[in-house]
Every structure is written in structure tokens, then in C-alpha cells.
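Hi there,

Here is the structure I promised to pass on to you. Have it open while you read, and my notes on what turned up in it follow below.

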Amino acid sequence: MNTKNNMSPNETLSKSNPYQSSQETLPRQNAKQSSEEKQLKRKTFLQKRIVVFFGAMICCALWGSAFPCVKIGMKLFAIRPDQTADQILFAGCRFALAGILVIIVGSLLKKKPLIPKKQELPSILWLCLFQTVGQYFFYYIGIAHTSGVNTSIVDSLSIFLSILSASLLFRMEKLTGRKILGCILGFLGVVLVNLNGGGFNFHMTWIGEGMILCSAITYSFSSIFAKIFSRKSDPVLLSGWQFLIGGLILSVGAMLAGARPKSLTPGSFLLFLYLAFISMAAYTIWTILLKYNDVSLVSVYGFMNPVFGVLLSALFLGETEGLNWNYLLSLIFIAIGINLVNRQAKRNVNQTAEVTSQNTK
């Protein structure tokens, strides 16, 4: 059988010119190598302690500013503390707008529309159900039936739960004594910053503190899912679409419960836009940090949220009763807790880098 005559013209040409095939694949190999080098540089940059520190602190400062801004927003829109459906509608519209902003800005930066692929839709739905829908559904029910102090303290358990889940349930990292001690110190810092006269009420109710705990649990799982899903998907795309879909679900549910949109004034619109910006910027940065770092390393900074909240509430609302000796002491406890977790994370990163270096030799 004459196999030579059965060859295609391209195969015949490739056989006659053995260098053609390698010359054609060389640009593709160079492009792939260049992309891998960029990914490695980005990963190395985002794993630097100083980058994680400033990125996480920016997120916490933005989330902390949401405390006084939400209070001001509730007054501008005439929403009472007992109007849970209206509060959920307020949150849903805010997150939907945040999602739209993330998708627009992300599309402009990447110079292509951020449209999820079919296989990415389940990840987006799981993330929005835990991060946006579940967390804030339970949260707004809870805050209507408990005090602000109890809410802040119980909600801070989400950080400890995130680290426990990442270590014990998903086996993504080791649970060490340093991490446990760091979480305990951070939690004590949150308790101290909230002891500003009212104190912590140990009388717990399922509809109050129970709902806040459910909110903390759903948020802790959302951190794990954000890290897992961002391995194969763009964290900016995940952030934008989970906010948009989750915000729409919250809004529709609130309106079915009787809530109705409020009229906007120039002042309320600007405040609402800023609240959407907080969600857009903070959660997107947070998800990017989670993609390249241990959950414990990033999550432990969440203990700073109520600290920034007290400080910014004093600046914008004149609520200065929280700025006393326990505020400074809480900062010390949280700083030590963050440092303990960071030391452990730095050791793990160095060990990984040494193994990678040895494997490449």
C-alpha cells in the first residue's frame, strides 16, 4: 500500500520540511510561557505580606465605613429598624448595583465583556446564595431582634468559622495553635471594642442572635467557595455576577414580602452609589486576595471591621462613646492576633517556595 500518496499536502510539506512544524508551534509556546510567567509574577506579588496587609486593610476600612453610611441611608430613606423587608430591599438594590459596576469596570479593564461561561454558572449561583442572599437574609432578620453589640460580637465568629472550615472540613490548610490563638485574641478585641456602655447581653434568642450566627456561617462558607471557584474562574467575574444575581433575588423577595422602592434625592442617590462602590471594591479585592492566599491569612483581618466601624461612626455620626481605653486595647489584641496568623502563613509560603525551587532545579 502506498502510504505516501495518502498523505495530505500539509503532511507531505511538513515531512519534507521538518522545521516548519516547530516554527509554527513556537509562537504558541512563547505565548503560553509568557502567560504563565505573568500569572507567576501576579501570584508572587499578591502573596507578599505587605500587599495582603494593605489590600485587606482597604477592604476593612471600606466595610467599616458602611456602618455609619447604612445608618445614614436608613434615615434618608425613612426605613425603621423593624422594617426588615425594606432593609432587605435596600441591601438587594445596593448589591445589584454593585454587581453592575463590577461587570462594567471589569469589562473595560480587560477590554472584553465579562460574560460567564455555561460551566461557571453553578459556581456563581452557589457563591451568591451564600455570600449575598443567605448572609444578608439572616443578618437583617437578626438585627431587628437583637442589639448592635450582640450583632457585632456574634457576627465576628464568621472569621473563626472560616478558618475552621478551611482547615477541618475542606482540608485546604492546617489548623495550628498559632491560628487558634490569633482568632481568640481577635475575637476578644471585637468584644472589647463593643463594650462601650451597653455591654453584651447573654440572653440569646433564635430569631435574634441565632439568625446572626446563621449569617456568620453562610459568610464563612462563602469565603471557602470564593477561593475554590476562583481557581478556574476570574474572581472579578465571580464577584460581579454573584452580586447582581444575589441582589436581584433579595430585591424580588423583599418586594414579595411587601417592601416598595423609595424615592431618591440627590443626597440619597450619592450615598447609595457609595455603598454600592464599597461592595464592588472591597469584595472584589478580598476575593482576589483569597485566590492567592490561605483563607486564614486573609480572613483574620476581618476582625478590623468593627474597629473601623467604631472609628468612622465617631467621625461621621459623632458617636464617640466607643473611643475609650477598651478601643486601644482591642487594637492591640487584634494586631497580635493578626501577627500570629501571619507568621504561620509566612512560614508556609517560604516552605512552598523552597520546595518549588528544588523541583525546578
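Let's begin with helix H4, which crosses H14 in a right-handed manner. H14 covers residues 305-317, and the two helices pack at an angle of about 45° with their axes 8 Å apart. That angle makes H4 oblique to H14. On the H4 side, the contact includes Met-57, Trp-63, Phe-67, Pro-68 and Lys-71. On the H14 side, Asn-305, Phe-308, Leu-312 and Phe-316 are among the residues that take part. Sorted by class, this contact has 12 nonpolar, 5 polar and 1 charged residues.

Before going further, please keep in mind that this is a predicted model. The protein chain has an average pLDDT of 84, and 83% of the residues score at least 70. Residues 350-361 are a stretch to treat with care, with a pLDDT below 50. Apart from near neighbours in sequence, that stretch has 0 contacts in the model. Where pLDDT is low, the predicted coordinates should not be read in detail.

Back to H4, which also packs against another helix. H4 (residues 49-76) meets H5 (residues 84-110) at an angle of about 120°, and their axes are 12 Å apart. Here too the arrangement counts as oblique, and the crossing of H4 and H5 is right-handed. Which residues in H4 and H5 meet? From H4 they are Ala-66, Val-70, Gly-73 and Met-74, and from H5 they are Gln-87, Phe-90 and Arg-94. This contact of H4 with H5 is made up of 4 nonpolar, 2 polar and 1 charged residues.

Next, some aromatic rings. How many aromatic pairs does a search of the whole structure find? The search gives 22. One that you can look up is Phe-77 with Phe-90: the ring centres are 5.5 Å apart and the planes lie at 65°, so this pair is edge-to-face. Phe-77 sits in the loop between H4 and H5, while Phe-90 belongs to helix H5, and the pair links parts of the chain that are 13 residues apart. You have already met Phe-90 as one of the H5 residues in contact with H4.

H10 (residues 206-229) packs with H12 (residues 266-292) at an angle of about 60°, with the axes 8 Å apart. H10 is therefore oblique to H12, and the crossing is right-handed. H10 brings Tyr-219, Ser-223, Ala-226 and Lys-227 to the contact. From H12 come Tyr-283, Trp-286, Thr-287, Leu-290, Lys-291 and Tyr-292. By class, the contact of H10 with H12 has 6 nonpolar, 2 polar and 2 charged residues.

Enjoy exploring, and write back with any questions.

Best wishes

Technical notes: Residues numbered from 1 in each chain as written. Predicted model: local features only at pLDDT ≥ 70, side-chain atom pairs only at ≥ 80, totals over all residues. Heavy atoms only, no water. Axes fitted to C-alpha atoms, helices over the stretch in contact; angles between N-to-C directions. Helix = DSSP H or I, 4+ residues; strand = E, 2+ residues; numbered from the N terminus. Parallel < 35°, antiparallel > 145°, perpendicular 65-115°, else oblique. Left-handed = near helix turned anticlockwise from the far one by under 90°. Contact = heavy atoms within 4.5 Å. Nonpolar A, V, L, I, M, F, W, Y, C, P; charged D, E, K, R; others polar. pLDDT = per-residue confidence, 0-100. Phe/Tyr/Trp six-rings, centres within 6.5 Å; stacked < 30°, edge-to-face > 60°.
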